[in-house]
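I opened the model today to look up a few local features. My notes follow in the order I took them.

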Amino acid sequence: ARKGAECMKNVALSVLLVLAIIFAVPFVIYAAMSAVTGLETPGGSPLVFLTGVLVSKTGTALAFVLLFHVARDSLSGHWIQYAAIWWIMFAIGEVGQAIGPDYSWQEAVAGILSETIYFPLSAYLVDWMIRP
């Protein structure tokens, strides 16, 4: 029972740390892109926008960590491949959004750059914290 409780503590902590990574990295990347290219923040209230991003990133962090946890026997030690799968999925999503309305290619590039940083960081962290 002690091992199970310790494992769940690591899963919960992993979710929080992954959330911090995938929320903070895009903030820095988008700020840099804004300074370099003039990329503008979406209209409306910044608080409402950031709240929406936080909710969305919470779902991503939960899925990222819980999928790894469930498949940890197979994924342990394969964090680069795990990050690559998530990166491909999200990068394709960025391109799809850029093709559609109300999303620029600058935003897509910023998103892909962010994902290039935060998925490997998150995968390494989860691989280190969640062991079979």
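I call a residue buried under 20% relative accessible area, exposed over 50% and partly exposed in between, with a 1.4 Å probe and protein chains only. The model is predicted, so local features need pLDDT of at least 70, side-chain atom pairs count only at pLDDT 80 or more, and totals for chains, interfaces and linings use all residues. Residues are numbered from 1 along each chain as its sequence is written, and side-chain values use heavy atoms, without hydrogens and water.

Entry one, a loop residue. I looked up Asp102, which lies in the loop between α4 and α5 (105-129); helices are DSSP runs (H or I, at least four residues), numbered from the N terminus. Asp102 counts as exposed because its relative accessibility is 78%. Its phi is near 65 degrees, a positive value in a residue other than glycine.

Entry two, a helix pair. I found helix α2 (residues 46-70) and helix α4 (residues 79-99) packed at about 145 degrees, with axes 12 Å apart; axes are lines fitted to C-alpha atoms over the stretch in contact, and angles run from 0 to 180 degrees between N-to-C directions. On the α2 side the contact (heavy atoms within 4.5 Å) uses Thr60, Ala63, Phe64, Leu67 and Phe68, and on the α4 side Tyr82, Trp86 and Phe90.
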